Amino acid sequence: MPSSSTTIISKCTVHPDQKSRIKPLRLSVSDLPMLSCQYIQKGVLLTAPPFSITHFVSLLRQSLSVALSHFPALAGRFSTDSDGHISILCNDTGVDFIHAKATFLSVNSLLSPIDVPDSFKEFFAFDRTISYTGHVRPLAAVQVTELADGVFVGCTVNHAVTDGTSFWHFFNTFAEITKGAKKISKVPDFSRDTVFDSPAVLKFPAGGPAVTFSGAVPLRERIFHFSREAILRMKFRANKGILKSDYYKSVNNEIIGKQSNDSWKTVNGEITSLFETLLKTNTNRTDEISSFQSLCAQLWRSVTRARKLASGKTTTFRMAVNCRHRLEPRLSPYYFGNLIQSIPTVASVGELLSHDLGWGAERLHKNVVAHDNDTVRRGVADWESNPRLFPLGNFDGASITMGSSPRFPMYDNDFGWGRPLAVRSGRANKFDGKISAFPGREGNGSVDLEVVLAPETMAGLENDLEFMEYVS
């Protein structure tokens with residue numbers, strides 16, 4: 001498959017259709033560490049529009065202008081004052097809009113390979129661009145790429161301006177306007193009166209920061225799909241230690257009997273119902289390990305095993321958490337900007353692999369539950385005492401970083417003729433051990449994991465029976 005044949009047809013600057021009235025937005029304690037990260041690149045693959053591509057490109061350009069009037073921060077630029085504080089000037093400078101063509105590619109040619117084709121990396125602007133360059137570059141860009149039988153709409157946004165929650169808020173709104181909405185359903189909140197707004201100054205070397213990971217090492221990238229039934233099976237395994245033992249045994253025996261007499265395909269629905277019934281018997285919901293934590297624990301175990309690390313080595317599973325609902329009082333779910341913190345969970349390789357799934361899942365669960373208002377505020381104070389960039393990467397060869405979320409409304413990006421066929425990302429912020437979680441297209445609790453690993457580790461993961469039994 002050709003990898004360098006996407007042709008740029010046109011490029012222009014799109015400005016908000018109304019003048020911004022928002023004052024400069026100072027970057028917060030959560031925004032500033034992202035200045036060494038590359039721009040976020042996420043997009044949606046769609047069937048061909050029921051009208052000409054020329055009309056669609058024109059419609060997108062107009063809708064983007066309207067969307068920017070609701071999200072004026074994206075049309076601005078960074079500015080550093082004499083004290084070293086960095087702010088977004090909402091000055092309507094505009095964003096890049098690109099029309100590209102790759103009609104040698106079909107939807108099937110993009111979705112059928114086992115590994116994610118490199119062609120997707122050409123469907124985004126600002127490749128390998130570091131967020132600090134938002135001082136001189138646009139803070140966002142949209143590229144629409146025409147395919148043989150579909151289109152790809154790629155959105156690129158400076159990571160010091162948005163986290164995943166705000167990114168998808170904007171992208172959903174853009175699609176909503178394109179579809180014909182006269183009034184947007186979710187209005188962004190640009191208030192900055194939070195604990196994350198700080199006078200602390202982050203110092204930079206001359207010329208600005210550099211990315212903290214190597215972009216030159218060989219990597220494989222693959223999407224693993226997990227059905228709702230598969231994830232419930234993992235959750236069942238992870239939670240068995242906190243369920244009522246007698247009922248657990250009776251239901252477990254019934255499930256084992258069904259598995260020995262029938263195929264999963266024919267009894268999945270009934271077994272799923274049994275899982276759900278069993279999990280509902282747990283009255284202590286705080287102690288219950290979530291579906292996503294169970295999936296993360298399985299991934300942690302299997303990737304660690306595939307890496308063939310020494311039993312005494314420490315392995316880390318790092319995940320980002322949304323702090324909007326963790327603070328007291330809670331912040332608006334539509335707060336625009338970064339409002340995330342990173343939670344590392346550590347274990348020795350020997351401990352992680354010698355125990356069952358529930359052992360690692362319980363450690364992930366406890367760390368997430370413990371990340372409350374007080375923990376968030378301690379994290380802010382710790383950063384203020386030592387301002388620093390976020391160290392993105394796998395520095396010891398034993399780390400996993402989980403990004404994105406299956407809760408993000410990615411498949412709500414309906415531009416007028418149906419939901420996306422798939423969600424894919426660009427090259428940005430990828431290294432050995434970087435995982436991104438997407439909702440499965442069928443919804444209902446299914447999950448897609450975008451897994452980026454060293455080639456030999458990916459091969460080991462593909463041969464890990466404990467992991468692959470859940471993949472569909």
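**Exercise 1.** Is Phe415 buried or exposed?

*Solution.* The model is predicted. The relative accessibility of Phe415 is 2%. Buried means under 20% relative accessible area, so Phe415 counts as buried.

**Exercise 2.** Determine how the rings of Phe171 and Phe415 are arranged, and which parts of the chain the pair ties together.

*Solution.* A pair of aromatic rings is described by the distance of the centres and the angle of the planes.
- Step 1: the ring centres of Phe171 and Phe415 are 6.4 Å apart, and pairing requires centres within 6.5 Å.
- Step 2: their planes stand at 70 degrees, so the pair is edge-to-face, given that planes over 60 degrees apart fall in that class.
- Step 3: Phe171 belongs to helix α3 (residues 164-178), while Phe415 sits in the loop between β12 (399-404) and β13, so the pair ties together parts that are 244 residues apart in sequence.
- Step 4: Phe171, at 0% relative accessibility, counts as buried.

Both Phe171 and Phe415 also belong to a cluster linked by ring pairs, whose members include Phe167, Trp168, Phe174 and Trp417. The count of aromatic pairs comes to 23.

**Exercise 3.** Classify the ring pair of Phe226 and Phe467 and locate both residues.

*Solution.*
- Step 1: the centres lie 5.6 Å apart and the planes make 75 degrees, so this pair is edge-to-face.
- Step 2: Phe226 is in strand β9 (residues 220-226) and Phe467 in helix α12 (residues 465-468), so the pair ties together parts that are 241 residues apart in sequence.
- Step 3: Phe226 is buried, with a relative accessible area of 0%; Phe467 likewise counts as buried, at 0% relative accessibility.

**Exercise 4.** Describe the open sheet of three strands and identify its edges.

*Solution.*
- Step 1: the strand order is β2-β5-β4, and the pairing is antiparallel.
- Step 2: β2 (25-26) and β4 (77-80) each have a single partner strand, so one side of each is left without a neighbour in the sheet.
- Step 3: two bridges join β2 to β5 (residues 86-89). Leu25 stands opposite Ile88, and Arg26 opposite Ser87.
- Step 4: four bridges join β4 to β5. Here Ser79 stands opposite Ser87.
- Step 5: the hairpin of β4 and β5 has five residues between the strands, and Gly84 takes a positive phi near 95 degrees there.

**Exercise 5.** Work out the strand order of the six-stranded sheet and the placing of helix α1.

*Solution.*
- Step 1: the order in this open sheet is β1-β6-β7-β8-β3-β13, with mixed pairing.
- Step 2: β1 (7-14) and β13 (422-425) are the edge strands, each pairing on one side only.
- Step 3: neighbouring strands are turned by 20 degrees against each other on average, direction ignored.
- Step 4: eight bridges join β3 (residues 40-47) to β8 (residues 150-157), which run antiparallel; the bridge partner of Thr47 in β8 is Gly150.
- Step 5: helix α1 (residues 53-70) packs on the sheet and touches β1, β6 (95-102), β7 (140-147) and β8. The direction of α1 makes about 160 degrees with that of β6.

**Exercise 6.** How do helices α4 and α7 pack?

*Solution.*
- Step 1: α4 (residues 228-239) and α7 (residues 291-307) pack at an angle of about 85 degrees, with their axes 8 Å apart.
- Step 2: that angle makes α4 roughly perpendicular to α7.
- Step 3: among the residues in contact are Ile231 and Met234 of α4, and Leu295 and Gln298 of α7.
- Step 4: by class, the contact has four nonpolar, three polar and two charged residues.

How values were computed: Residues numbered from 1 in each chain as written. Predicted model: local features only at pLDDT ≥ 70, side-chain atom pairs only at ≥ 80, totals over all residues. Heavy atoms only, no water. Pairing = 2+ DSSP bridges. Axes fitted to C-alpha atoms, helices over the stretch in contact; angles between N-to-C directions. Contact = heavy atoms within 4.5 Å. Parallel < 35°, antiparallel > 145°, perpendicular 65-115°, else oblique. Nonpolar A, V, L, I, M, F, W, Y, C, P; charged D, E, K, R; others polar. Phe/Tyr/Trp six-rings, centres within 6.5 Å; stacked < 30°, edge-to-face > 60°. Buried < 20%, exposed > 50% of the residue type's maximum accessible area, 1.4 Å probe, protein only.
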